[in-house]
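Hello,

I am passing on the structure below for your work.

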Amino acid sequence: MKLWAGRFSKEADERLNDFNSSIRFDSRMYEQDIKGSMAHAQMLAAQGIISAQDAAQITDGLAQIYEELKSGRLEIDPEAEDIHMFVEQVLTARIGDAGKRLHTARSRNDQVALDLRLYLRDELKEVRALLLALIRTFAEKAAAHTETVMPGYTHLQRAQPITFAHHLMAYASMFVRDVGRLDDASRRMNQLPLGSGALAGTTYPINRQLVAQKLGFDGVMSNSLDGVSDRDYCIEIASAIATIMMHLSRLSEEVVAWCSWEFKFIELDDAFATGSSIMPQKKNPDICELVRGKTGRVYGDLISLLTMLKGLPLAYNKDMQEDKEAIFDAVDTVKACLATVLPMIDTMTILKENMRAAAAKGFINATDCADYLTKKGVPFRDAYKCTGALVAQCISRGLTLETLPLADYQAAHPAFEADVFEAINLETCVCGRISEGGPAPCEVEKQIASIRAFLDALEALRIHDS
């Protein structure tokens, strides 16, 4: 029998039961549901709303249910309406009337709001840990390639010389911002909704601050209507995850290009590539392609949440049951992607010679050639025009700026001297870019040091808090 069946004169149609049920996806929150119920029961006893004996029976019974669910000795009934009813029904069947008192001074509306916050708080810790591990992988990989010259691109055209380390640290910077977004969302989410009741609180003398303290919340939701109807945190988390996925997708796009024969900047480890059923020579970057595809899926989860909520009046509406599948999918997807991309990046082989060879083509030192003239007093626009003419001359003659004879340089402008060849050497070009944040090895080493300090500080904080 349904817990809400007292109002009705007949059993619910099975089609309604199937359509209404959320047990197939909210059952994953059993740990959080039980933890929240324990804290609630202890608060009820502390406030004299139920007896200490009832609270002890409830707590012991819930602990036993948790252990049995975790070990698999107890299976969740797929016919149950949701995880809250399942746990309460099992508890009541085992301990009798004391179990029926657990739901005093709460509603499923504030109960599910609590469970979801607790669940997402736990999940975000795992996402964050994967992100930090990926950032550390980038930093360590970069440390080995501060002098590995490669072409930097704009419009997917070779533009200026950089290093592979500089390129990797760009992604590390993106993921550091992602950690900040997750932390911001987690902080705003960490307010207790329990005690909001169905929408208007309760007449019982509950102590919400006590429950918040027991469950590790920073405070309580200040408005009961908002307490049960707020899902901003789901949107914030989905948005942060969508941004992580966008960054992973951009990285994946580059890895797909880099491991193609047209670039051949990297070689994926055999353990993180796939083959073809018909073409024996193929080595496909399927991980990266799946990440790109799954990014669109996570965007869909975010849009689903925004669309679901945009027309809802206060307070709780059944539409909000749809929040879980969307946010669960977003979390599951980003965790799977991070866990797979991390070892793929860690084990890939960097083909330094190919990167250097690509950098030698495409006239990516043209800006440095123009800068050479500028530093000798030639106005930049004149230097720019002169260098452009030299590039055109090289193209017509099948030469590069490095192989163009000095006589041709001096014919183009008398300011050119023999030291121009040192100035346009790719290693010189890279090492000379010493502006803060630039690709010069000394600057990239500062970036790596900053990332490592960021990671070490977070690790020290984690150890302190534990």
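The largest pocket has 20 lining residues, and those nearest its centre are Lys125, Arg128, Asp183, Ser186 and Asp465. Please keep in mind that this is a predicted model.

Pockets

The volume of the largest pocket is about 750 Å³. Three helices, α7 (108-143), α8 (164-189) and α20 (441-465), each contribute at least two residues to its lining. Of the elements, α7 gives the most, with 7 residues. Sorted by class, this lining has 10 charged, 6 nonpolar and 4 polar residues.

The second largest pocket holds about 550 Å³ of space. It is lined by 21 residues, and Gly152, Tyr153, Thr154, His167 and Glu254 are the closest to its centre. Two or more lining residues come from each of β1 (149-154), β2 (157-163), α8 and α11 (232-258). Here the classes divide into 11 nonpolar, 6 polar and 4 charged.

Cavities

Searching the whole structure gives 2 cavities of 30 Å³ or more.

The largest cavity contains about 40 Å³ of space. Its lining includes the run Ala359, Ala360, Lys361, Gly362, Phe363, Ile364 and Asn365, together with Thr400, Leu401, Glu402 and Leu426. By class, that lining has 6 nonpolar, 3 polar and 2 charged residues.

The second largest cavity has a volume of about 30 Å³. His40, Met43, Ala105, Leu192, Leu194, Gly195, Ile206, Arg208 and Val211 form its lining. The lining is made up of 6 nonpolar, 2 polar and 1 charged residues.

Cysteines

How many disulfides does the structure hold? The count is 0. A pair of cysteine sulfur atoms has to lie within 2.5 Å to count as a disulfide. For Cys337, the closest cysteine sulfur belongs to Cys288 and is 10 Å away, so the two are too far apart for a bond. For Cys429, the closest is in Cys369 at 9.3 Å, which is also too far for a bond. Cys337 counts as buried, with 4% relative accessibility, and Cys429 counts as buried at 2%.

Regards

Key
Residues numbered from 1 in each chain as written. Predicted model: local features only at pLDDT ≥ 70, side-chain atom pairs only at ≥ 80, totals over all residues. Heavy atoms only, no water. Buried < 20%, exposed > 50% of the residue type's maximum accessible area, 1.4 Å probe, protein only. 1 Å grid on protein atoms, 1.4 Å probe; cavity = no way out; pocket = protein on both sides within 12 Å on 5 of 7 lines; lining within 4 Å. Points joined across faces, edges and corners; volume = space filled by probe spheres on them. Helix = DSSP H or I, 4+ residues; strand = E, 2+ residues; numbered from the N terminus. Nonpolar A, V, L, I, M, F, W, Y, C, P; charged D, E, K, R; others polar.
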